[in-house]
Amino acid sequence: MSTEQSHQGDQDKQLLAAVDQINLADDFQGALVALATEAGRLLACDGTSVMWLNGDELEVLANHGELAPLSGLSLPVSQVGAARTALDGNRPAVVSDTVEDLHWRCIPGEERVRAWLGVPLLLGDRAIGLLEWTAREPGQFGDDAVERAAILTRYAAPILYRTQLLDDSRRHLRELLQPRQAKPAQTQDMGAALRKVTREALDSTGAEHAFTFLKEEEGLRLRCVAAAGPQHQELRKVILRSDGSFGGLAAARSTDRGGAGPADGEVMAALGITNALILPLRAGKEQVGMIGVAGPRGGRSFDQGTIRLMTHLASQASLIVERARQSKTASDGYDYEAVFQSSPLGLCVLTITGDIQACNPALAGLLSRADRNLAGHNLSDFLASGDWQRLVRALEEVAFSGQRQQVDTRIQSAQGEQRHVRLTLAPAPSLAGPPRKAQVAGQRQGEMGATLVAVLEDITSLKILEQERVEHLRELREKHQQLQDLDQLRTRFVSNVSHELRTPLAVIKLYATLARKGRPEKQTFYLQTIEQETHRLETMVENILDLTRIDRQTLRLHPESLAAEEIIAQVLGVYQETAEKHGIELTNHVQGNLPRLLADKNDLIQMLTNLVDNALKYTPRGGQVWVAAREIGTIGQASQTGQTAGDQGSGGRPMLEIAVGDTGAGIADDEQEHIFERFYRGRNNTPERSGTGLGLAIVQELMAHHGGRVILKSQVGRGSIFILQFPLAQPIDTSPSPE
Ligand code: ADP
């Protein structure tokens with residue numbers, strides 16, 4: 001084996017070992033460091049760095065050796081050696097001697113670098129970054145070195161990419177598993193990072209002061225956020241106007257890569273500074289502050305190396321501010337915790353079994369719990385009994401289907417008060433993890449230990465309104481039905497009335513003709529009939545008017561003290577002749593004086609007339625009709641088994657009962673409750689028994705107006721008794737009642 005061959009073999013081994021080392025790293029950062037280190041070992045050089053391509057910028061992610069840019073820097077591609085050539089051509093680029101390279105001279109602060117080698121990190125033909133070697137000796141990187149560098153990057157690039165992907169996946173997974181873990185405060189992070197950069201500025205430039213100022217939100221002032229040096233405490237307190245002060249001037253000059261600005265008179269004088277190098281900090285296109293170093297009076301001015309260093313530090317600080325801003329907009333755009341806490345709706349996070357994991361104050365308020373933190377309770381603790389099963393079903397449904405559900409339920413406060421709540425249940429994917437499609441087919445979300453979000457809304461007043469609405473609707477329906485019934489009644493009324501009126505009118509017309517043309521000896525009979533029918537007609541019209549009056553509640557009683565026996569005798573007197581004509585025995589059983597009655601005389605006459613008229617009408621020839629009256633001490637003595645109509649509230653007060661009885665057709669049991677209805681006419685009617693079905697309705701209405709009631713006792717084929725019960729104004733002495 002020749003020396004050359006063995007040398008080649010060693011180099012191959014070295015390459016292999018380098019790739020192995022990088023491959024051993026189990027995360028991106030580790031792989032980066034390994035690559036920078038191995039690259040440094042592979043070629044004779046003074047510095048290496050691994051840079052990541054980010055748009056048109058190269059970000060230094062790892063470095064090794066003395067002659068390397070600082071980690072964290074973001075540099076325009078054009079400012080990194082011959083990076084542009086390397087990246088555009090997807091091949092290594094070499095600068096043998098920077099002194100001879102025109103482009104290189106435009107990059108300040110790189111005087112120590114004399115030789116440069118850059119190899120793009122390629123994934124296929126896509127560049128993802130650049131591996132850079134620097135050396136103090138010109139011509140350091142020959143063909144051999146370039147070749148070996150190319151081999152290393154070819155193998156290293158996919159390894160880096162793989163570890164980066166792995167890291168990304170790990171981070172995502174961590175975020176999913178611990179989503180509620182408080183993120184480190186970005187501002188704190190930023191402050192610490194800026195302090196580090198400021199300290200580095202002081203240490204690496206040898207200046208006396210180093211400081212970083214950031215614009216306040218309104219952009220009118222610059223506040224010192226980091227300072228280093230003997231007077232860092234004084235500096236930290238400084239707030240500068242952003243116009244006219246040295247910070248402001250730096251901002252105005254931000255285009256010229258930040259030269260030294262004149263010192264602000266007061267601040268500089270107070271600190272004894274005459275020399276300052278200030279560079280602007282940028283986030284995107286916006287200038288957000290400045291970083292600077294300052295020297296003592298009479299100190300040396302800042303050389304190119306310091307300017308170069310400070311340029312790097314300024315871009316590092318800019319990056320820090322920009323990242324902090326980005327993550328603030330991305331994650332803290334809304335303070336979700338604050339929203340959760342201050343929401344007027346009750347909010348809680350539940351397990352599928354209803355265990356409360358977190359809740360907001362509004363929920364505790366809704367449940368009237370003094371304990372603001374209900375975590376650890378189960379929602380069932382607060383539900384009204386009987387409502388839990390429904391909620392369990394809804395919880396399961398939501399967990400398994402992933403669909404939202406709404407349940408109206410009742411909760412019980414600590415004081416026992418019940419309130420209606422509307423529960424909107426939704427799956428909480430961000431807490432339980434997003435639906436994992438890669439999971440075993442058929443496995444559903446609920447089986448992954450689902451977490452749900454519940455929104456509770458107090459709908460008690462809504463429920464009350466709803467109940468009122470239902471009640472109102474029911475009343476309206478009832479009223480509507482009543483109106484319909486009334487309408488039907490009216491229609492029947494009109495047809496009945498016109499029919500009934502027609503009968504006596506026809507009789508009157510006929511007998512009037514007979515009176516004119518008939519036999520003279522029958523004149524009296526004709527006229528009597530006309531008189532009788534006119535009277536009937538009159539009664540009927542009166543009946544109708546009475547009912548109309550009662551309907552309109554315009555009936556005004558004219559009560560007077562009456563001797564009932566006199567009225568009874570009077571009415572029976574009128575009907576005596578009719579009774580005889582029909583072969584019916586009409587008897588008055590009232591004997592002696594009855595207690596005086598306070599009633600409307602016309603009404604009493606009308607009621608008795610209606611009843612006696614009916615009794616005669618529904619009693620066949622040979623039958624009997626009678627009237628009796630008596631005082632009773634308590635109501636019900638005569639009416640325990642009878643059908644009652646009218647006022648029920650006479651209690652045990654003294655009463656006067658007037659009964660009209662007959663031995664006529666009687667009324668069937670199933671009809672007894674109907675015969676007091678208007679226009680109701682019973683089955684016992686025959687064509688000869690004319691009527692309107694209004695008589696008993698009038699009796700019942702009038703009795704009600706007199707504070708009394710009507711009682712009916714009847715048996716088909718045996719007869720009927722209608723009893724009028726009038727309350728008496730004063731207690732009465734017991735005296736024999738007539739039968
Ligand atoms: P009408 O004009 O039909 O007599 P009412 O209101 O006076 O109207 O009576 C209603 C119904 O009650 C009658 O149609 C009849 O069927 C029944 N009725 C009333 N009084 C008697 C009675 N004394 N005997 C039997 N049935 C009666």
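In this predicted model, C348 stands opposite C359 in strand 13. The partner of strand 13 (residues 356-359) is strand 12 (residues 346-351); the two run antiparallel and are joined by three bridges. Four residues lie between these strands in their hairpin, where G354 takes a positive phi near 90 degrees.

A positive phi is also found at N90, a residue other than glycine, with a value near 55 degrees. Most residues other than glycine have a negative phi. N90 is placed in the loop between helix 3 (83-89) and strand 4 (93-95). Its relative accessibility is 27%, so N90 counts as partly exposed.

**The chain as a whole**

The protein chain has 739 residues, of which 42% count as buried. Its secondary structure comprises 20 helices and 24 strands. Among contacts between residues at least 6 apart in sequence, 63% join residues at least 24 apart.

At one end of the order, strand 2 (residues 57-65) and strand 3 run antiparallel and are joined by three bridges; L58 has L75 in strand 3 as its bridge partner.

**Helix packing around helix 18**

Two packed helices are described by the angle between their axes and the distance between the axes. Helix 18 (residues 601-617) packs with helix 17 (residues 564-581) and also with helix 20 (residues 695-705). The geometry of both pairs is set out below.

| Helix pair | Angle | Axis distance | Crossing |
|---|---|---|---|
| Helix 17 and helix 18 | about 30 degrees | 10 Å | right-handed |
| Helix 18 and helix 20 | about 145 degrees | 9 Å | left-handed |

In the pair of helix 18 and helix 20, the contact is made by D603, Q606, M607, N610, L611 and N614 of helix 18 with G695, L696, I698, V699, L702 and M703 of helix 20. By class, these residues divide into seven nonpolar, four polar and one charged.

Towards helix 17, the residues of helix 18 in contact are K601, L604, I605, L608, T609, V612, D613 and L616. They meet I567, I568, Q570, V571, L572, Y575 and A579 of helix 17. This contact has eleven nonpolar, two polar and two charged residues.

**Nonpolar cores**

In soluble globular proteins, nonpolar side chains tend to be buried together. The largest nonpolar core here has 48 residues, and those with the most contacts inside it are L608, V612, I658, F722 and L724. Both L608 and V612 also take part in the contact of helix 18 with helix 17. Leaving aside neighbours within four places in sequence, V612 is in contact with V571, L572, Y575, L586, V627 and V660. Among these partners, V571, L572 and Y575 lie in helix 17. A second, separate core has 35 residues, including I22, L43, F141 and V146.

Technical notes
Residues numbered from 1 in each chain as written. Predicted model: local features only at pLDDT ≥ 70, side-chain atom pairs only at ≥ 80, totals over all residues. Heavy atoms only, no water. Core = buried A, V, L, I, M, F, W, Y, C linked by side-chain atoms within 4.5 Å. Buried < 20%, exposed > 50% of the residue type's maximum accessible area, 1.4 Å probe, protein only. Contact = heavy atoms within 4.5 Å. Axes fitted to C-alpha atoms, helices over the stretch in contact; angles between N-to-C directions. Left-handed = near helix turned anticlockwise from the far one by under 90°. Nonpolar A, V, L, I, M, F, W, Y, C, P; charged D, E, K, R; others polar. Pairing = 2+ DSSP bridges.
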